Amino acid sequence: MLSRLFRRLFLERLTAAYQAGRLEFFADQAALAEPAAFKAWLAALRKPEWVVYAKRPFGGPDAVLAYLSRYTHRIAIANSRLVAFDGERVTFKWKDYRAKGDARYKLMTLDADEFIRRFLIHVLPDGFHRIRHYGLFANGGRAENVARARQLLNVPAPQNAPSDADSTGGGEPQAFSYPCPCCGGRMIIIEIFERGCAPRYRPTVPNRVDSS
């Protein structure tokens with residue numbers, strides 16, 4: 001019943017689009033522009049049984065969003081997941097989300113050509129950008145977009161705080177209390193501790209990803 005219902009609704013919508021002039025035909029299908037030819041073509045489609053496959057998604061919208069989110073801000077694979085390379089085959093770690101606990105972390109070994117092929121599938125074509133590089137605050141047009149938004153909302157631009165050079169007056173550079181020995185810029189004090197005492201601050205090590 002679902003197959004026949006879908007077939008009828010699909011052909012009705014297709015006929016309506018044809019009568020409204022929203023369909024165009026080219027090359028081998030140019031003859032279908034004639035009403036008689038198009039009608040005969042539709043009649044042939046009504047005879048066979050259509051195959052309609054429909055079922056509920058396994059995990060729903062949350063599962064789809066969780067899957068896509070793993071690819072929006074990261075490359076296909078991080079260096080930390082690469083385990084071994086013997087010159088011909090690459091061994092890397094992968095996560096089986098169908099398993100639970102430690103059983104979901106597994107190893108896979110592929111030929112180098114196949115590994116590179118799978119990696120290149122996740123490389124964006126020229127002109128495409130990942131989500132973090134797109135939108136109102138993208139680096140390419142952030143200043144212009146924000147200025148345009150303020151103009152449309154009739155919001156005045158914020159008054160910038162005086163810079164270190166302006167605070168001295170006369171445009172002369174300011175001598176910082178704690179200059180950096182390398183670049184001469186101002187150093188930011190994170191913590192002061194006495195000699196012989198261990199610092200309480202522990203910097204987080206970023207998860208470096210080689211996107212080259």
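Trainee: Which helix lies across E1, E2 and E3, and at what angle does it run to E3?

Mentor: Helix H4 (residues 112–121) lies across these strands, at about 115° to E3. The angle is taken between N-to-C directions on a scale from 0 to 180 degrees, with axes as lines fitted to C-alpha atoms, for helices over the stretch in contact; contact means heavy atoms within 4.5 Å. Helices (H or I, at least four residues) and strands (E, at least two) are DSSP runs, numbered from the N terminus.

Trainee: What are the ground rules for reading this model?

Mentor: The model is predicted, so local features need pLDDT (the predictor's confidence in each residue, from 0 to 100) of at least 70 and side-chain atom pairs count only at 80 or more, while totals for chains, interfaces and linings use all residues. Residues are numbered from 1 along each chain as its sequence is written, and side-chain values use heavy atoms, leaving out hydrogens and water. The mean pLDDT of the protein is 80, with 82% of residues reaching 70 or more.

Trainee: Where does pLDDT stay under 50?

Mentor: That stretch is residues 161–168, for which the model has seven contacts beyond four places in sequence. Where pLDDT is low, the predicted coordinates should not be read in detail.

Trainee: What makes E1 and E3 edge strands?

Mentor: The open sheet has three strands in the order E1-E2-E3, with antiparallel pairing. Strand E1 (82–85) and strand E3 (105–111) each pair on one side only, and are therefore its edges. The twist averages 20° from one strand to the next.

Trainee: Why is the aromatic pair of Tyr18 and Phe38 called stacked?

Mentor: Rings of Phe, Tyr and Trp (its six-membered ring) pair if their centres lie within 6.5 Å; planes under 30 degrees apart count as stacked, over 60 as edge-to-face and the rest as tilted. By this rule there are eight aromatic pairs. Tyr18 and Phe38 lie 3.9 Å centre to centre with 5° between the planes, so the pair is stacked. The pair links helix H1 (residues 2–19), which holds Tyr18, with helix H2 (residues 35–45), which holds Phe38, 20 residues apart.

Trainee: What makes up the largest nonpolar core?

Mentor: A nonpolar core is a set of buried Ala, Val, Leu, Ile, Met, Phe, Trp, Tyr and Cys residues joined through side-chain atoms within 4.5 Å. The largest has six residues: Leu11, Leu14, Tyr18, Phe38, Leu42 and Trp50. H1 and H2 are the elements giving two or more residues to this core, and H1 supplies the largest share, three.

Note on methods. Pairing = 2+ DSSP bridges. Buried < 20%, exposed > 50% of the residue type's maximum accessible area, 1.4 Å probe, protein only.
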